[in-house]
Amino acid sequence: YDHFLEWGATVPTVFISHQWLAPDEPDPEGHHWRATLEACRLLCADQNIDPKTLHVWIDYCSIPQRNARLQRLAVETLAVYASLCTHFI
């Protein structure tokens with residue numbers, strides 16, 4: 001935790017979460033994906049961030065999807081992950 005706090009203070013990080021659009025797939029037609037890319041582009045432009053340095057935490061990719069117990073544990077810690085990021089989309 002302390003290591004991440006130190007690291008996170010030196011690099012831009014963004015926490016991204018969105019509602020699933022289908023029962024078995026979060027974004028079957030890529031609507032959220034395109035919106036996420038645009039939001040990150042705008043964030044970088046607004047905050048003068050080099051896009052190559054932006055670290056992105058996306059809940060779907062970062063939370064176990066097949067193991068219900070691990071998924072529940074990860075979901076219960078979402079607030080911690082979000083609080084450690086410098087930006088939230």
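Residues are numbered from 1 along each chain as its sequence is written, and side-chain values use heavy atoms, with hydrogens and water left out. Because the model is predicted, local features need pLDDT of at least 70 and side-chain atom pairs count only at pLDDT 80 or more, whereas totals for chains, interfaces and linings use all residues.

Helices (H or I, at least four residues) and strands (E, at least two) are DSSP runs, numbered from the N terminus. With 17 residues, α2 reaches 24 Å from its first C-alpha to its last, close to the 24 Å expected at 1.5 Å a residue; the expected span is 1.5 Å times one less than the number of residues. Its buried residues are Thr36, Cys40, Leu43 and Cys44, where buried means under 20% relative accessible area, exposed over 50% and partly exposed in between (1.4 Å probe, protein chains only). These four residues lie on the same side of α2 because they cover an arc of only 95° around the axis, the arc being that of the directions from the helix axis to the C-beta atoms. An α-helix has 3.6 residues a turn, so residues three or four places apart point the same way. On the other side of α2, Ala45 and Asp46 are exposed. The cover over the buried residues of α2 includes β1, β2 (55-58) and β3 (87-88), with contact meaning heavy atoms within 4.5 Å. After α2 comes Asn48, whose phi is positive, near 55°.

Ala74 belongs to helix α4 (residues 68-76) and is buried, at a relative accessible area of 13%. Beyond its neighbours within four places in sequence, Ala74 is in contact with Ile63, Pro64 and Tyr81.

Cys40 is buried at a relative accessible area of 10%, and Cys44 at 6%.

A search of the whole structure finds 3 aromatic pairs. Rings of Phe, Tyr and Trp (its six-membered ring) pair if their centres lie within 6.5 Å; planes under 30 degrees apart count as stacked, over 60 as edge-to-face and the rest as tilted. Phe15 and Trp57 are stacked, at 4.7 Å centre to centre and 10° between the planes. This pair links Phe15 in strand β1 with Trp57 in strand β2, 42 residues apart, and both residues are buried. Trp57 and Tyr81 are also stacked, at 5.0 Å and 25°; here strand β2 is linked with helix α5 (residues 78-84) across 24 residues. Tyr81 is partly exposed, with a relative accessible area of 37%. Phe15, Trp57, Tyr81 and Phe88 form one aromatic cluster.
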